[in-house]
Structures are given as C-alpha cells and as structure tokens.
Number of protein chains: 2
Amino acid sequence: MPEDVIQTYTRADEAFDCLQTAIVKGDLAPGEKIGEVELCSRFNLTRGPLREALGRLESRGLLVRRPHAGVKVVSVSTDELMELYRIREVMEGLAARQAAERMTDDEITALHTTLDAHEAMIEQAHGQAYYQAEGDYDFHHRIATGSRNAKLAQMLLGDLYYMVRMYRYRLSTASGRPHMALGEHRRIVEAIAQRDGELAEFLMKRHINAARRNIERKIAEGGLTI
Amino acid sequence: MPEDVIQTYTRADEAFDCLQTAIVKGDLAPGEKIGEVELCSRFNLTRGPLREALGRLESRGLLVRRPHAGVKVVSVSTDELMELYRIREVMEGLAARQAAERMTDDEITALHTTLDAHEAMIEQAHGQAYYQAEGDYDFHHRIATGSRNAKLAQMLLGDLYYMVRMYRYRLSTASGRPHMALGEHRRIVEAIAQRDGELAEFLMKRHINAARRNIERKIAEGGLTI
DNA sequence: AAAGTCACTATTGTTGACAAAATATGCCTG
DNA sequence: CAGGCATATTTTGTCAACAATAGTGACTTT
C-alpha cells in the first residue's frame, strides 16, 4: 500500500478544499468579512474542522484573521500581484533549470504532448480564455513537479499559484496572448529537452516577465480593475 | 491604534509558537511520532487549539500528518537541505535586488550598524557558533523585510528560514566561516547602499551558493551527519 | 446637542465528551 | 510453527455546550 495515499478525507480537508476553491473562484469576495457560523451552514460543516481549515488558509496567506473579530478574504492590490510575478520569475526560473537537469525522458515527451493539446485548444476555443489559463497552469505545474525539488514545488503549487489563479478568474486570464505564450512555452520545452538548464531558466524568466508586463499594461490601459 | 497589532494571543497562537520553536530547537526530533495528548500535557494545552496549530505547521511543511495515524516531525535529508539552499539563492537574490531599490536610508544605516555588531560578536565569542548564526539570521531578516515585497518576506521568514534554522541547530552553524561571511555581507550592503540592485542580487546569490557548498563539503568530509 | 461611558449582544475562542478509525495483539487455522 | 483474521485498545476526528472578547447601541453627562 502506498504511504502517501490519503485513505480518508477528513472534514477538515473537505473544508479546506471547499474554502480554497471558493476563494479562488471568487465566490468569497476579497475583503468580505464572513462569520464562522455562516460558513458552516454554507458548506455543511461544523466549526471544529472549519477552524482547522481557516488556520491552514491563513498560514497560506489566502485570508486574514483577527482574534475575536472574524476572518476576511485577503485582498491583494495590483502592486502586490506584480510582486507575486517577480517571485514567480525567479522561482520558476530555478524550476525550469532543475527540470532540464532532472526530468525523465517520459516527462519531456508528456510536456510536448501537453503543448500540442494546448495548441489544439487555442485553435478551437477562440477567446475561451478560461481553458487557456488552465492549459497554462498545466504547463507550469509540470515544470514545477519536474524540478524534483519538493519544497520548490510545494511553494509554487501550494502558495503562489492559488493566489495568481485567484486573480486569473477575476481578470479572466489577463494573459490574453495565447499564441505568443505557446511559442515561448515551446522554446522552454526545447531547452529542457536539450538538457540546457541555463537556457531554460533564462527563457522561463523572460516568459513570466513578459506575462507580468502584459498584465501591467492592460491594467494601466484602464478596463482591468481588481 | 495600529491595525495589525494582535491584541490577544490565542491559545492556538501560543501552541503554534511553542511547537515551532520546539521543532526548530530539536526538542521534537525529526521522524519522531508523537501523540496529541502527549503534546497537550507537555505544553499545557488542550486539543482544540493544538490541532489548529498542527494544521498550520503541516501546511508550512514542518510536520506531516496522516489521518488517524498521528503527526511526526518532518525529517529532511541532506539532499533536501541542499535544495532549500538553491531556493534561498534565487529568492534572497531577488530580495537583495529589491532591497537595494527600496530600502530607506535609515534601514541601510541600521544594516551597517548590525554588521558592526556582528563583527564585535565574532571577535569576542570565538567559536560561539550559535550567536554567529543568530547574527546571520538577523542580517538576512533585514534584507527580506527591506525588499518591501510582503509575500517574498513571508515565504522567506515564515517558511524557509525555520527549516534552515532547524538544521543550523543540529549542525551547530555548519557555516563556520564567520569572517568570510562577514566580508560577503559587507559587500552586499555596500551594493545596496549604492542602490545597485543587480550587483546586490549577484553578490547575495554567490554568498548563499558559497554557504551551501561549504555545508556540502563539511558533510562530505564526514563528521557532520544529520 | 455632542461626546463619552456603560451594558448588552453577537461572534469567536476554548473545553471536554463522544464517535470513528487504525494499529497492535492474540487467537485460530492451515 | 507460521500466517491470517478478528477483536480490542489506543489514538485521532468530530461535535456541541460553555466562556471570553469585541463591537454596538443606548443612555447619561457636560
């Protein structure tokens, strides 16, 4: 029997997942103060497991909690979102470098396949930004796990991506430059396939930097307000 | 009244702090399976707040929890410790760059003062590795907060440093190269004072890389076993 | 009339008891 | 004698009642 398989989903895990997706999807608006009992009735939970989940969410930075004053979903300014991208830049750069050094050939093949699927997705779903965002997430997810750096993957997948995705939903994938992003993805995978870690790191950093500037520009143009 | 001041320390906060320091100091050995009731009696707590704290610790990666099977302190291999240093390298590099761009003049003055204090400390306490480690922590702490990147500081101070410190205690500051480290620190501060972000990033990355290789060497030489 | 204080209410923090699950032990069987 | 199954015990997960705190509203006082 595998060790890391979770046999039973505890109520606390359930609460954690429910709340996390609710926050990411925007069902719980940022800044909104929300009582524990209301959350309980909304997700059919009891306060014990709920409080445990709240603690986890808090330490992940998705909500803030003031003693005796309730919890509220964290509201991130555009400046803070830009800071998140700066962190992603260096961390995912490292992930790409280590992935180039350590990914198995099978994983690299899977990466190619993934990109092909994304290309098809982009052709079909013109403007279906949501699915493109999911594809993008899938790509970065594979690189993070491919780095064989457990802590790095945990920090990227467990912390940063949730916060970024939270804004992706609201901005409805501000990226909006699917073809260009796909090309950049292809180049990164190429570098990884050639086991050129240095190049993979450079390309990944530039890729995320471009995504950040793109969002920044869109926000500056008006329209996009968080 | 400041907003972010915590008026009341809840039992859960207390539990969190107690457990965290116990883990960092090694009072709770890695890999050791430990029951909830034992923890309660040991820290004069009740199970409710304790469980909340356990959840937080788990999501920070300091302990692992299997449903119905108890918690155990995470045990990190030397390989994983090296991976932590790789993450530190890129993240603290970013922190140094942003600190160079954003620190106030007062903060930079304080940095200089800190380094002077470290120098005096090294002269006096020959071989008192523990205090040197604390000084090192102080330096990196100031850079992290000086970056004005809240999430970056949170990830460094709230996640990585605790895990690194956990091993510092066991290795009794494997660094063991206080003078060299101090010189590197001075150069980094110099770059920050000149507002040269690029240089500060480069020097910080090299500094952490050197620390990593130093530990690696010491471990390879034998003696140091985790 | 305005401001400050006091009491009240609603919400959170805490506690101890109860239920469910996993591990360990002992018995039975092959 | 060894291996597997069933049971028992220990430990965790869950729940509901209790206590404490902060926010709110009304009342008094200046």
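Tutor: Before we start on this predicted model, take a polar contact to be a pair of N or O atoms within 3.5 Å.

Student: Which part of DNA strand C does a polar side-chain atom of A:R51 approach at 2.4 Å?

Tutor: A:R51, like A:R47, is listed among the closest of the 18 residues that surround DNA strand C. The atom lying 2.4 Å from the polar side-chain atom of A:R51 is a phosphate oxygen.

Student: Are helices α2(A) and α3(A) roughly parallel or roughly perpendicular to each other, and why?

Tutor: Helix α2 of chain A, residues 36-43, packs with α3(A) at an angle of about 105 degrees, and their axes are 10 Å apart. Angles of 65 to 115 degrees count as roughly perpendicular. The relation between α2(A) and α3(A) is therefore roughly perpendicular.

Student: Which residues of α3(A) make the contact with α2(A)?

Tutor: On the side of α2(A), the contact is made by A:E36, A:V37, A:L39 and A:C40. By class, this contact of α2(A) with α3(A) has five nonpolar, no polar and three charged residues. The residues contributed by α3(A) are A:R47, A:L50, A:R51 and A:L54.

Terms used: Residues are numbered from 1 along each chain as its sequence is written. Chains are lettered from A and ligands numbered from 1 in the order in which they are written. This is a predicted model: local features need pLDDT of at least 70, side-chain atom pairs count only at pLDDT 80 or more; totals for chains, interfaces and linings use all residues. Side-chain values use heavy atoms; hydrogens and water are left out. A residue is near a molecule or strand if one of its heavy atoms lies within 4 Å of it. A polar contact is a pair of N or O atoms within 3.5 Å; within protein, one must be able to donate a hydrogen and the other to accept it, and residues adjacent in sequence count only if both atoms are side-chain atoms. Axes are lines fitted to C-alpha atoms, for helices over the stretch in contact, and angles run from 0 to 180 degrees between N-to-C directions. Helices (H or I, at least four residues) and strands (E, at least two) are DSSP runs, numbered from the N terminus. Angles under 35 degrees count as roughly parallel, over 145 as roughly antiparallel, 65 to 115 as roughly perpendicular and the rest as oblique. Contact means heavy atoms within 4.5 Å. Ala, Val, Leu, Ile, Met, Phe, Trp, Tyr, Cys and Pro count as nonpolar, Asp, Glu, Lys and Arg as charged, and the others, Gly among them, as polar.
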